[in-house]
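Reader: I am new to this structure and would like to go through it step by step. Could you show it to me, please?

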Amino acid sequence: MSPERRPGAEFLVWSCVHGLAVLLIDGPLRGLPDELADPAVHDLIDLIEKGLRPDTK
């Protein structure tokens, strides 16, 4: 990640992960079967990784 994109990135990642965790633990996704929750977690991780990659133009 380029230094100019780095400031604050950890808060964005933390917010995404925390948000999904809260939805799965205490929110409307509580009780979601593992076969549905696991792909959601992996999709979020993929989304975060794509957002952290350098821009390709």
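Predicted model: local features only at pLDDT ≥ 70, side-chain atom pairs only at ≥ 80, totals over all residues.

Reader: Let us begin with helix α2. How far apart are its end C-alpha atoms?

Author: They are 27 Å apart. Helix α2 covers residues 34–52, and at 1.5 Å a residue its 19 residues should span 27 Å, so the two values agree.

Reader: Which residues of α2 are buried?

Author: The buried residues of α2 are A37, L44 and I48. Viewed down the axis of α2, the buried residues fall within an arc of 35°, so they line one face of the helix.

Reader: Why do residues three or four places apart point the same way in an α-helix?

Author: An α-helix has 3.6 residues a turn, so residues with that spacing point the same way.

Reader: And which exposed residues are on the face of α2 turned away from its buried side?

Author: That face carries the exposed residues E35, H42, D43 and K50.

Reader: Back to the buried side, then. What covers the buried residues of α2?

Author: The cover includes α1, which runs over residues 9–25.

Reader: How do the axes of α1 and α2 cross?

Author: The two axes come within 11 Å and cross at roughly 170°. Angles over 145 degrees count as roughly antiparallel, and that makes α1 roughly antiparallel to α2.

Reader: Which residues meet there?

Author: From α1, the residues are A9, V13, C16, V17, L20 and L24. In α2 they meet A37, A40, V41, L44, I48 and L52. The residues of this contact between α1 and α2 divide into 12 nonpolar, no polar and no charged.

Reader: How far is A37 from I25?

Author: A37 and I25 are 12 residues apart in sequence and 11 Å apart in space, C-alpha to C-alpha.

Reader: A change of topic: where is P3?

Author: P3 is in the segment before α1.

Reader: Is P3 buried or exposed?

Author: P3 has a relative accessibility of 65%, and the cut-off for exposed is over 50%, so P3 counts as exposed.

Reader: And how far is P3 from E49?

Author: In sequence, P3 and E49 are 46 residues apart; in space, they are 16 Å apart, C-alpha to C-alpha.

Methods: Residues numbered from 1 in each chain as written. Heavy atoms only, no water. Helix = DSSP H or I, 4+ residues; strand = E, 2+ residues; numbered from the N terminus. Expected span 1.5 Å × (residues − 1). Buried < 20%, exposed > 50% of the residue type's maximum accessible area, 1.4 Å probe, protein only. Arc of directions from axis to C-beta. Contact = heavy atoms within 4.5 Å. Axes fitted to C-alpha atoms, helices over the stretch in contact; angles between N-to-C directions. Parallel < 35°, antiparallel > 145°, perpendicular 65-115°, else oblique. Nonpolar A, V, L, I, M, F, W, Y, C, P; charged D, E, K, R; others polar.
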